[in-house]
Amino acid sequence: MFTGDNAVQSKLLYRGYQLEVRRAPSGWRVGIYPRTADLPILSRCEVIAVDQHEALVMAKHRVDGVISY
């Protein structure tokens, strides 16, 4: 999907999900991955935004949304 260097810039844990921040051609990509089998799998497991902070906020919002069900 992405070309060029998309190595993981940073990783963090949020409510049991691993968020992997990568540079993308159009900004920033955050992959969202459950760390345990009992967590819901997201229908879309990544977000893309121009700003790195915005991408992280969007990813956390997506996790919050799936956990609230």
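Arg 29 is buried, with a relative accessible area of 11%, where buried denotes under 20% relative accessible area, exposed over 50% and partly exposed the range in between (1.4 Å probe, protein chains only). The residue lies in strand S3; strands (E, at least two residues) and helices (H or I, at least four) are DSSP runs, numbered from the N terminus. The side chain of Arg 29 is joined to that of Tyr 33 by a polar contact of 3.3 Å. A polar contact is a pair of N or O atoms within 3.5 Å; within protein, one atom must be able to donate a hydrogen and the other to accept it, and residues adjacent in sequence count only if both atoms are side-chain atoms.

The model is predicted: local features need pLDDT of at least 70 and side-chain atom pairs count only at pLDDT 80 or more, whereas totals for chains, interfaces and linings use all residues. Residues are numbered from 1 along each chain as its sequence is written, and side-chain values use heavy atoms, with hydrogens and water left out.

Arg 29 is also among the residues touched by Glu 20, which is found in strand S2. Glu 20 is likewise buried, with a relative accessible area of 11%. Beyond four places in sequence, the contacts of Glu 20 (heavy atoms within 4.5 Å) comprise Val 8, Ser 10, Lys 11, Arg 29, Val 30, Gly 31 and Tyr 33. The side chains of Glu 20 and Gln 18 are joined by a polar contact of 2.6 Å. Strand S2 as a whole is mostly covered, seven of its eight residues being buried.

Strand S2 pairs with two other strands, pairing being assigned if DSSP finds at least two bridges between the strands. With S1, the pairing is antiparallel over six bridges, and Tyr 14 has Tyr 17 of S2 as its bridge partner. The two strands form a hairpin with two residues between them. Arg 15, in the loop between S1 and S2, has a phi near 50°, a positive value in a residue other than glycine. Most residues other than glycine have a negative phi. With S3, strand S2 pairs in the antiparallel sense over eight bridges, and Leu 19 stands opposite Ile 32 in S3. S2 and S3 also form a hairpin with two residues between them.

At the start of H1, a side-chain oxygen of Asp 51 reaches to within 3.1 Å of the backbone nitrogen of His 53. The buried residues of H1 are Ala 55, Leu 56, Ala 59, Val 63 and Val 66. Viewed down the axis, these buried residues fall within an arc of 100°, so they line one face of the helix; the arc is that of the directions from the helix axis to the C-beta atoms. An α-helix has 3.6 residues a turn, so residues three or four places apart point the same way. On the other side of H1, His 53 and His 61 are exposed. The cover over the buried residues of H1 includes strands S1 (8-14), S2 (17-24), S3 (27-34) and S4 (46-49).

The largest nonpolar core contains 16 residues, of which Tyr 17, Leu 19, Val 30, Ile 32, Ala 59 and Val 63 touch the most other members. Such a core is a set of buried Ala, Val, Leu, Ile, Met, Phe, Trp, Tyr and Cys residues joined through side-chain atoms within 4.5 Å. S2, S3, S4 and H1 each supply at least two residues of this core, and the largest share, five residues, comes from H1. Val 30, in strand S3, is buried with a relative accessible area of 0%. Apart from neighbours within four places in sequence, Val 30 contacts Leu 19, Glu 20, Val 21, Cys 45, Glu 46, Val 47, Ala 55, Leu 56 and Ala 59. Val 30 and Met 58 are 28 residues apart in sequence and 8.8 Å apart in space, C-alpha to C-alpha. On the same exclusion of residues up to four places away, Ala 59 touches Leu 19, Val 30, Ile 32 and Val 47.

Lys 60, also found in H1, counts as partly exposed at 30% relative accessibility.
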